[in-house]
Amino acid sequence: MKMTALLSVSGLHLYYRTSRGPVRAVDGVSLELKEGETLAVVGESGSGKSSMAYAIIRVLPRNVQRYCGSVVFDDAGDIVSMDEESVRRKVRWKGISMVFQGAMNSLNPVVKVGEQIMEPLIIHLGYTKEGARGEAARAMVDVGLPDYVMDRYPHELSGGMKQRAVISMALVMKPKLVILDEPTSALDVMTQANIMNLLKRLKRQYGLSYIFITHDLALASELADIVAIMYAGKIVELGSAEDVYLRPAHPYTQKLLRSVPLLREDREPEFIPGAPPDLVDPPPGCRFHPRCPYAKEICRREEPELKDMGGEHMVACHFTGELRGGADGLG
Amino acid sequence: MSEQPVGIKQIFKEVAKSKAGALGFALLVAMLILAMFTPILAPYNVARAWNDLRYWQDNPALAAPAWVRFLSPNSYSGTVTLSNFSLERSFHGQYTLVRRTGSFVYMYDVFPTEVRLLLDVNYTARKPRVIATLERPDGKGVTLYNGMPVKGENVVSVSVDPKYQKLIGYFLYEELGYVPAAIHPEIVLFAKKSKYMNDRQRADVLKGTYILEVDAISFEKNLSVQPKLIVYGNSYGIAGTDNYRRDLTVGLMWGAPVALAFGTIAAVVTVLLQVVIGAAGAWIGPRADEIVQRAADFFLVIPVLPILILINVVYTINIWLLLSWVILFSIVGGVTKISRSMVLQIREEQYVEAALSYGASKKRILTFHILPRIIPYTFALIALSAPSYVFLEAALSFLGLGDPNIPSWGRLLGQAFDAGALYYGWWWWVIFPALMIMLVSLGFTLLSYAFDKVVNPRLREE
Ligand SMILES: Nc1ncnc2c1ncn2[C@@H]1O[C@H](COP(=O)(O)OP(=O)(O)OP(=O)(O)O)[C@@H](O)[C@H]1O
Ligand SMILES: [Mg+2]
């Protein structure tokens, strides 16, 4: 029996207004996430991963031009069409919380770390400072922060500690879904591994769902149940981690997998020639066609739909069936 | 490179550690101590007496500070006050004679600037006759007063009043055989006998013991007379006196609390108001921002000083009213623009975005995230704008538009200017108030420089 989805996104668009014209950062994204599952969103820089996260939690910059589609979360309803106050009350931090990209900057440099972790509690649950302090202390223990951190200022913490503080801030209200936007970039490898282990433990402990945003396929494989590959504002491949890693069907996914350096295999990592497209004026047809080695006439003309190849493995390519096996995945 | 300090305590510590900050703090603390001791050393009623000229009559007019006597003992003298008199009462038939005798030593190298005799007389019905005679060290006696004083205090302006100058004229006639056109009793009385004894430049001072004898004759037995002789010098106190004999030390001391209170309160209130209004405008939205910024433009170009002068013409003003007007005209202004530009930067920061995402209201973000970021700069801005308010108060007082009830540095300067102090060389009357204004401004300026360096990492030394 199919479980009901915790989050179901369909036809989500987010365009930014710029002097050059609209930036189509999220252009018709659809996906589903069940409770307890982790979705990894992988893509190059500028592919619209963060924008998608902003669109889901509805934190929009001032220069939004178009924001439409639907984001149905749990039993709260559609976030896109909800009024601001309901989003604030039902969704923000109680339902969905987010760890922003570059957590180092997610902390106010002049406010003590503990007070910042307490903020959501004070705002949403009407805690007094003392009450919130106890709760925040518990959240900090959860992420392995020593209690003296409570009264420190952000600049007195290491990068890893700051990241833990930001994660504890995301968890302090016990949400069902946590969006993690590149939570380990800018950390050294050891710290990165520690944070990943922490995320795994928290997920197990609280039955959390994650949307884990990264440009690093290998890192995504550690956590992901489902993987979404994003390219130029669109999802080009979506499926279980097993399907995407072992049987990648989209040429972009295949190239992406081959660009990951592997320890066990004696093979040079490949580069993907060309650059990601300009989102103000994306190429017609398949957005990947200028960089695709298999591109045909139809790819220049027609935009491929996201098609189910069976077992909920969705791919947006005109030649899906034929190209399968053209890749040798991570395995 | 060290991190930007956070937390108000740490900021103050860093500021105090820097040279400029320490010096600025020291200057202002010194001023503050002076301001705090002022009510003790010179109580408010003394300051209130600033306009009561009788209060100051024991002081010499336009006297230089007393300490100049150490620098130049030959050209400065102090004031000699004789108020201890022996009492002798004798009865001659129906008359009663009261004789009061006192003496003093005059050893200065220069002549007094003025001589004044005060006679406090008391009787029942009939005025007594009083005769006051000064006996000089050379044995010559000079009558200073011969008349029938009324009940109460009588001021005998020996040097100024032609009535009494005439008595000195008799003495001069006896000594020299003629009476000069202009008589200077304060010189004649204290000069060695010579034909120049009425000439300050050429006469010699007769040093020694002078005896004042005051005789009062009356039909009444219970007659009393209390004389007091004041021989004014040309130096007095720490800071000298003005043309109305007022002790400038008192004025200078009262200037400290006035300047500090006015400068600090005006700076703190206006800067805080401007910071909050500018920040709130920028944070609420483009329309509020537009309104606030245009208002700021308006307030920046309106000429505050002329308007304050106008208000002053219509209303009588005291220092608190003046302060209120100044604040009213600085609700928005330059600082509004600074805080606005800071908010425009801060609102792009990730933690503001994060706060929005965890559901903080705009108001909460303003008070919890944005204002704490601006507060450190606020200290620098307060210290920076305080001197301009000190100057404003001084300027208004200089023009005679300050609080007329209490002395302030600007008022002292204004009165000095009106009296032509610089032209006549009464330097103490100008230099000390100006110096005080400069010291306070310097203190604030150094402090703002130090604050700026601490809160603005770009300006920090390696
Ligand atoms: N506020 C904005 N106004 C205009 N363009 C924007 C804005 N925010 C993002 N963009 C553009 O939208 C595109 C997608 O940006 P986004 O930050 O979502 O990408 P990303 O996949 O998260 O990249 P990265 O891995 O570098 O974080 C980029 O081309 C970016 O320049
Ligand atoms: Mg991003």
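Contacts between chains and domains in a predicted model

In this predicted model, the interface of chain A and chain B buries about 2,200 Å², with carbon and sulfur atoms giving 62% of it.

User: How many residues does each of chain A and chain B bring to the contact?
Analyst: Contact here means heavy atoms within 4.5 Å. On that basis chain B gives 21 residues and chain A gives 27 residues.

User: Which element gives the largest share of the side of chain A that touches chain B?
Analyst: Between chain A and chain B there are eight residue pairs in polar contact, both residues at pLDDT 80 or more. On the side of chain A, the elements giving two or more residues are α1 (49-57) and α3 (113-125). Seven residues, the largest share, come from α3(A).

User: How many salt bridges are there between chain A and chain B, and which residue of chain B meets Glu119(A) in a salt bridge?
Analyst: The count between chain A and chain B is two salt bridges. In the bridge of Glu119(A), the closest N and O atoms are 2.4 Å apart, and the cut-off for a salt bridge is 4 Å. The residue of chain B is Arg364(B).

User: Why does the pair of Glu119(A) and Arg364(B) join two chains, and in which helices do these residues lie?
Analyst: The search of the whole structure finds 39 salt bridges over all chains. The pair of Glu119(A) and Arg364(B) joins two chains because Glu119(A) lies in a helix of chain A and Arg364(B) in a helix of chain B. The helices are α3 of chain A and α13 (residues 362-398) of chain B.

User: What area is buried between domain 1 and domain 2 of chain A?
Analyst: Chain A is divided into domain 1 (1-95 + 176-331) and domain 2 (105-174). Their C-alpha centres lie 29 Å apart, and 18 residues of domain 1 are in contact with 16 residues of domain 2. Carbon and sulfur atoms give 66% of the buried area, which is about 1,500 Å².

User: Which residues of domain 1 of chain A lose the most area to domain 2 of chain A?
Analyst: Helix α6 (residues 189-206) of chain A gives nine residues, the largest share of the side of domain 1 that touches domain 2. The residues that lose the most area account together for 36% of what the domain 1 side buries. They are Trp93(A), Lys94(A) and Leu198(A).

User: What distance separates the centres of domain 1 and domain 2 of chain B?
Analyst: Chain B is divided into domain 1 (8-50 + 246-455) and domain 2 (77-232). Taken over C-alpha atoms, the centres of these domains of chain B are separated by 54 Å.

Key:
Residues are numbered from 1 along each chain as its sequence is written. Chains are lettered from A and ligands numbered from 1 in the order in which they are written. This is a predicted model: local features need pLDDT of at least 70, side-chain atom pairs count only at pLDDT 80 or more; totals for chains, interfaces and linings use all residues. Side-chain values use heavy atoms; hydrogens and water are left out. Domain bounds come from an automatic or database domain assignment. Buried area is the accessible area (1.4 Å probe) that two parts lose on being put together, summed over both. Helices (H or I, at least four residues) and strands (E, at least two) are DSSP runs, numbered from the N terminus. A salt bridge is a side-chain nitrogen of Lys or Arg within 4 Å of a carboxyl oxygen of Asp or Glu. A polar contact is a pair of N or O atoms within 3.5 Å; within protein, one must be able to donate a hydrogen and the other to accept it, and residues adjacent in sequence count only if both atoms are side-chain atoms.
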